[in-house]
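Thanks, everyone. I have one model to walk through today. Please have a look at it first.

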Amino acid sequence: AVVSTQSGHYGRAGPVPAAAINNKNNHYCIYIGNLPETTCKSCLLYQLFSPYGAIANVKPMSNVKPDGGNDHWFAFVNFKSHADAATAIQSLNGSTLNGRSLKVDFKTEKRK
C-alpha cells in the first residue's frame with residue numbers, strides 16, 4: 001500500500017528519495033533498469049507505462065561500453081502523480097520484458 005503523509009511521500013519500501021520528486025513540475029521520477037535495447041524507445045516505454053497513469057515524459061538512456069561490451073540500457077519515466085508512479089513500480093518491478101527482468105523503482109541520487 002502507498003501512504004502519503006504530511007511529512008512526505010512513502011512508497012512500498014519507505015520514503016520516496018528526494019531525487020525522485022521534481023519540485024519544479026511536481027512530477028515523480030521512476031528508474032527502469034535492465035531494459036532490452038530493442039525496447040528502449042520512448043514510444044514503447046509510453047505503451048508499457050501509460051496504463052498506470054498520466055506520464056509527463058520518458059527519457060531512454062544507455063551507458064555505452066568503450067571496450068565494446070554490452071551497453072547498459074535504462075530509462076526514466078516521470079509520472080504526474082505519486083500514486084500512479086507507485087502503482088507502476090509495484091506492478092512492473094521484477095516483471096519480464098523480452099527475457100529480461102526489469103528493475104523499476106523511484107529514482108535515487110546520481111552515481112558518482
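Lysine 107 sits over the face of phenylalanine 76, 5.5 Å from the ring centre. The rule for a charge over a ring is NZ of Lys or CZ of Arg within 6 Å of the ring centre and within 35 degrees of the ring normal.

A word on the ground rules. This is a predicted model, with residues numbered from 1 along each chain as its sequence is written. Local features need pLDDT of at least 70, side-chain atom pairs count only at pLDDT 80 or more, totals for chains, interfaces and linings use all residues, and side-chain values use heavy atoms, with hydrogens and water left out.

Phenylalanine 76 has 17% relative accessibility, so it counts as buried. The cut-offs: buried is under 20% relative accessible area, exposed is over 50%, partly exposed is in between, with a 1.4 Å probe and protein chains only.

How many aromatic pairs are there by the ring rule? The count is 4. Rings of Phe, Tyr and Trp (its six-membered ring) pair if their centres lie within 6.5 Å; planes under 30 degrees apart are stacked, over 60 edge-to-face, and the rest tilted. Take phenylalanine 49 and phenylalanine 79. Their rings are edge-to-face, 6.4 Å centre to centre, with 70° between the planes. Phenylalanine 49 is in helix α1 and phenylalanine 79 is in strand β7, so this pair ties together parts 30 residues apart in sequence. Both phenylalanine 49 and phenylalanine 79 are buried.

Now the rings of phenylalanine 74 and phenylalanine 76. Their centres are 5.9 Å apart and their planes stand at 85°, so this pair is edge-to-face. Phenylalanine 74 counts as buried, at 9% relative accessibility. Ring pairs also bring in Tyr31, giving a cluster of Tyr31, Phe74 and Phe76.

Next, the core. The largest nonpolar core has 21 residues; Ile30, Ile32, Leu35, Phe49, Val77, Phe79 and Val104 touch the most other members. Two or more residues each come from β5 (27-33), α1 (42-49), β6 (55-63), β7 (72-79), α2 (82-92) and β10. The largest share, 5 residues, is from α2. By definition, such a core is a set of buried Ala, Val, Leu, Ile, Met, Phe, Trp, Tyr and Cys residues joined through side-chain atoms within 4.5 Å.

Contact here means heavy atoms within 4.5 Å. Leaving aside neighbours within four places in sequence, phenylalanine 49 touches Ile30, Ile32, Ile55, Val77, Phe79, Ala88, Leu92 and Val104. Valine 77 is in strand β7. At 0% relative accessibility, valine 77 counts as buried. With the neighbours within four places in sequence left out, its contacts are Tyr28, Cys29, Ile30, Ile32, Phe49, Ile55, Asn57 and Val58. Valine 77 and isoleucine 30 are 47 residues apart in sequence, yet 5.4 Å apart C-alpha to C-alpha.

On to the loops. Proline 36 is in the loop between β5 and α1. At 7% relative accessibility, proline 36 is buried. Beyond four places in sequence, proline 36 contacts Leu97, Asn98 and Arg100. Asparagine 34 lies in the loop between β5 and α1. Asparagine 34 has a positive phi of about 65°, although it is not a glycine. It is partly exposed, at 29% relative accessible area.

Asparagine 98 has a positive phi too, near 50°. Its place is the loop between β8 (96-97) and β9 (100-101). At 54% relative accessibility, asparagine 98 counts as exposed.

Now the whole chain. There are 2 helices and 10 strands. The order from the N terminus is β-β-β-β-β-α-β-β-α-β-β-β. Helices (H or I, at least four residues) and strands (E, at least two) are DSSP runs, numbered from the N terminus. Buried residues are 32% of the 112 in the chain. Of contacts between residues at least 6 apart in sequence, 61% join residues at least 24 apart.

Last, where is confidence lowest, and where is it highest? Strand β1 (residues 3-5) is lowest, at a mean of 26, and strand β10 (residues 103-106) is highest, at 95. The chain mean is 78, and 71% of residues reach 70 or more. Over residues 1-13, pLDDT stays under 50. Where pLDDT is low, predicted coordinates should not be read in detail.

Key: pLDDT is the predictor's confidence in each residue, from 0 to 100.
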